[in-house]
Amino acid sequence: MLSNLCSFPQNQISYIIVIMTTLSQTYLDHPLIHHHHIVPLDFDSLRTIPDSHDWFNSSLETPSSSSHHHTNVNVSIPLIDLTDPNAISLIGNACETWGVFQLINHDVPVSLIERAEGETRRLFDLPMTRKLKALRAPGDVTGYGLPRITPFFSKYMWHEGFTIMGPSIGHASQLWPSNYQPFCDVMEEYQRKMKSLAEQITRSIFNYLKISDGANWLHSAGSTEAAACSTALQLNCYPRCPDPTRVMGLAPHTDTFLLTILHQTRTCGLQVFRDGFGWVPVAPVPGALVLNVGDLFHILSNGRFPNVLHRVVVDPTRRRLSMAYFYGPPPDFCVSPLYDPPESPCYRSVMVKDYVRLKAKNLENALSMIRL
Ligand SMILES: C=C1C[C@]23C[C@@]1(O)CC[C@H]2[C@@]12CCC[C@@](C)(C(=O)O1)[C@H]2[C@@H]3C(=O)O
Ligand SMILES: O=C(O)CCC(=O)C(=O)O
Ligand SMILES: [Fe+2]
């Protein structure tokens with residue numbers, strides 16, 4: 001290879017162009033979603049559940065059906081104080097047992113979280129005609145609409161969302177032609193803070209796993225040369241529902257990337273599944289952020305960390321909001337399971353962008369497709 005390069009004529013200037021894929025491109029390359037899988041209902045005007053959203057009369061599991069999947073209110077997920085001297089091992093243990101924990105004293109200012117929540121509220125409060133101006137285009141990733149997993153289910157979810165990847169000005173200026181700046185500013189600042197928290201937690205987990213290399217994107221984090229990490233911010237809204245037992249706020253799923261950092265409002269709704277425990281509610285704790293393991297950390301930890309299955313149930317009287325920040329390595333990074341012999345790898349190595357595409361097409365079957 002070196003000799004090939006050296007054989008270029010001396011009088012020609014040659015460039016080696018490394019084209020790095022962005023996360024948006026990764027999704028754009030593989031459009032799968034159709035228009036009717038994107039447009040949410042105008043939920044506030046509804047007094048009954050339309051058949052399209054009624055999970056009760058389907059073969060699908062609803063929050064109230066199936067006794068072996070009952071909601072278990074007798075246990076709770078770990079609550080960790082980031083200033084605790086044992087924080088690293090507490091985080092590592094929580095990742096190994098639950099794949100999810102709540103974090104307090106995380107250094108993200110409450111005032112910033114409240115401002116971001118305020119702007120999220122301002123967005124979902126808009127009339128439907130206005131929100132539709134920022135509708136995600138079929139095959140696109142950002143903007144207003146139903147969750148990406150919608151096409152995998154025969155019923156629709158009781159949900160509206162807004163996805164941000166990078167600058168949000170394009171869609172925000174459609175929503176508020178003359179008053180979009182406060183939204184853009186706070187979402188940018190929120191994503192900056194989330195990114196540094198995600199990096200800090202990822203480093204702690206790597207320390208726990210005794211990984212010193214294999215994550216060069218983290219070592220160069222913050223430098224101008226660093227390849228862009230895969231990040232996204234998803235604003236979720238679960239309108240109140242006349243009959244919550246018949247609907248699903250967000251269907252059971254695992255998150256794709258390394259880590260998700262979630263802020264939820266004071267209304268209950270998020271539940272995580274753990275073998276032997278069933279569905280466990282994640283009770284809102286003021287000021288706490290919920291962190292969960294995604295598929296890529298499950299692969300990287302060679303299956304040691306469960307990629308926690310979770311879902312959202314809705315409330316009869318109160319709308320619930322949440323803001324989920326997804327964090328992963330750059331799309332061109334190759335994720336390989338880390339293990340000590342005599343252990344052997346459970347998954348084959350996979351590029352982030354290839355796994356994202358596999359997941360976009362196959363949802364929960366994606367992992368089994370790379371299993372060894
Ligand atoms: C970066 C992303 C993660 C996400 C897909 C997305 O492109 C943007 C939205 C995210 C979200 C939020 C709701 C649940 C979820 C499974 C979905 O359908 O869209 C996640 C996706 C994910 O983790 O794969
Ligand atoms: O709203 C929640 O609590 C969970 C949201 C979620 O799971 C997601 O956005 O991936
Ligand atoms: Fe999720």
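Start by selecting ligand 2 and His253: an oxygen atom of the ligand lies 3.2 Å from an N or O atom in the His253 side chain, a polar contact (a pair of N or O atoms within 3.5 Å). This is a predicted model, so to speak of local features takes pLDDT of at least 70 and side-chain atom pairs count only at pLDDT 80 or more, while totals for chains, interfaces and linings use all residues. Residues are numbered from 1 along each chain as written, chains are lettered from A and ligands numbered from 1 in the order written, and side-chain values use heavy atoms, without hydrogens and water.

Next, show the whole shell: 13 residues surround ligand 2, Asn236, His310, Arg320 and Ser322 being among the closest (a heavy atom within 4 Å). Colour β12 (320-328), which gives the most to this shell, with four residues; strands are DSSP runs of E, at least two residues, and helices are runs of H or I, at least four, numbered from the N terminus.

Where to after that? Select α4 (110-124) and β7 (259-264), which each supply at least two residues to the lining of the second largest pocket.

Key:
A polar contact is a pair of N or O atoms within 3.5 Å; within protein, one must be able to donate a hydrogen and the other to accept it, and residues adjacent in sequence count only if both atoms are side-chain atoms.
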